[in-house]
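Subject: Structure handover

Hello,

Here is the structure I promised to pass on. Please open it first, then read my notes below.

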Amino acid sequence: MQFFIKNKRSLFIAALLLVALTLFAKGIEQKTKRSFFDRIVLTLFSFPLSITNKSITAISSAWHHYFFLVGLNDENIALKKRVDGLSIDNQLLREQSDENKRLRELLVFRKKFEHKMLPAEIIGRDPSGWFKTVLVDKGTLDGVSRDAGVITPDGVVGCVIEAGLNSSKVLLITDINSYIDVLIKRTRTHGIVVGRGEQTCYLSYVLKTEEVALDDIIVSSGINTVYPKGIIVGTVTKIKKDRSGFFQSIEIKPAVDFSKLHEVLIVLREPEKQK
Amino acid sequence: MKKTAFFALVCILFLLQISPVLPCADYGIRPDFILILAIFSAVQFPLCCGAFIVFILSCLMEVFSGVNTGLYPIIYLSVFLSIRSLEGYFDFFRPLNLFLLAIFSLAVKFIILLFCFNFIYEFRHFEILAPFLKESAYTLLVFPALYPLLGPLYKKQKKNLELKNIVLIHEQRHR
């Protein structure tokens, strides 16, 4: 007993390390399973994140549209103020028009497919550069479930790996843990798109005997029911055939520009499939 | 009050780390605020309290980053313990030493990331080197600005540590 009292600090640190190592070992074993704790934290953080996102956007908009212009010539101050006001209005209108255009595109795209789709907004990004996930502002209350596909009119974005009450975490196709069953549109050859944590992905398990050309379009195969069939995943940018091995090494550029991702569509799963 | 300010700052930094509007977030690479907080906790807090704060922060990071790998508690606890192991040999309160400590922490982080990415994801080490160097550069750029911001919140701790050192020296002389 005295030993425990004497070494309580070291024991506390050892316990923390043990928990960390257990988490690490468990994480390797079951990469995509999330705990109840994770869901609670996601739900709790969705509100402040949404507020932060909106307020920072408002501040940055105010900064770019007003404060940035303050330090110019005195003579032009009055005139500039007017221009500022007009440019803010103009900017806001343009922003609204862009948003309208994007939403209209989403609507047209949504009507093309039989699946029910839910528009969602990005409210957070992965805090590290090592994994590629984003947080969206829709959760189980809106009908989102784990493994729901996430797309845009441009192409496949990723899939939901964790759904909180009013927010969800989406694993992007560029993440190193992402795998999608795909087809090469021109030849109907199957392959698996694997993320590499960069801006590009790799198309794996395509035999050397299969014909693949640069700029070939890669589409989702629809096999795993996560994504509807025929959604563009990307285009082939590099093909390499090593002497050894059965498969080609193919690099693809995702169809979606993840740096400019604001709104997405979540493919809702049918109730019987949710079970 | 100072504690409240500290934790408010931690929350702001954490939200900033997740927020999509942070500059240089476009490519997913951004300064590692949590590492800076881990360094701060290692230098300023008592052992158990600091370790607990770092553990909680890394668990939060774990929830928001990628799939569940358990990587972050290992990284940040290792950074924390590595810094604490240097306690006797290093004056933590000199600015240059602190900057060196940040470089040392990044090196510890790199070793663990290298291990993880090599054995779990079968990456070659040069593949993670470029993003790591970018992230390190951002972190080192932010570090001198952020650390003094955190510093005044725990000056009392520093004074306590100085007093503790004086008491220790006197005790040794008596023996």
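In this predicted model, chain A holds a closed barrel of 6 strands. The order is S1-S2-S5-S4-S3-S12, and the pairing is antiparallel. On average, neighbouring strands of this sheet are turned by 45° against each other, direction ignored.

Start with strands S1 and S2. S1 covers residues 117-125 of chain A, and S2 covers residues 133-136. They run antiparallel and are joined by 3 bridges. To find the pairing on screen, look for A:Ile122, which stands opposite A:Val136 in S2(A).

Next comes S3, residues 149-152 of chain A. In the barrel order it sits between S4 and S12. Here is what to check on each side:

- S4 side: S4 spans residues 155-163 of chain A and runs antiparallel to S3(A), with 4 bridges between them. A:Thr152 stands opposite A:Gly155 in S4(A). The two strands form a hairpin, with 2 residues between them.
- S12 side: S12 spans residues 263-267 of chain A and pairs with S3(A) in the antiparallel sense, over 2 bridges. Here A:Ile151 stands opposite A:Leu265 in S12(A).

Which way do the residues of S3(A) point? A:Gly149 and A:Ile151 point one way, while A:Val150 and A:Thr152 point the other way. In a regular strand, side chains alternate between the two faces of the sheet. Are these four S3(A) residues buried or exposed? All are buried.

Now turn to chain B and its contacts with chain A. The contact involves 34 residues of chain B and 43 residues of chain A. On the chain B side, helices H1 (2-18), H3 (47-64), H4 and H6 (125-150) each supply at least two residues. H3(B) gives the most, with 8 residues. By type, the chain B residues touching chain A divide into 23 nonpolar, 8 polar and 3 charged.

H4 covers residues 71-85 of chain B, 15 residues in total. The buried residues of H4(B) include B:Leu71, B:Tyr72, B:Pro73, B:Ile74 and B:Ile75. B:Tyr76, B:Leu77, B:Val79, B:Phe80 and B:Ile83 are buried too.

Over to you.

Best wishes

How values were computed. Residues are numbered from 1 along each chain as its sequence is written. Chains are lettered from A and ligands numbered from 1 in the order in which they are written. This is a predicted model: local features need pLDDT of at least 70, side-chain atom pairs count only at pLDDT 80 or more; totals for chains, interfaces and linings use all residues. A residue is buried if 20 or more other C-beta atoms lie within 10 Å of its own, exposed if 12 or fewer, and partly exposed in between; C-beta atoms are placed from the backbone. Two strands pair if DSSP finds at least two bridges between them. Axes are lines fitted to C-alpha atoms, for helices over the stretch in contact, and angles run from 0 to 180 degrees between N-to-C directions. The expected span of a helix is 1.5 Å times one less than its number of residues. Two residues are in contact if their C-beta atoms, placed from the backbone, lie within 7 Å. Ala, Val, Leu, Ile, Met, Phe, Trp, Tyr, Cys and Pro count as nonpolar, Asp, Glu, Lys and Arg as charged, and the others, Gly among them, as polar.
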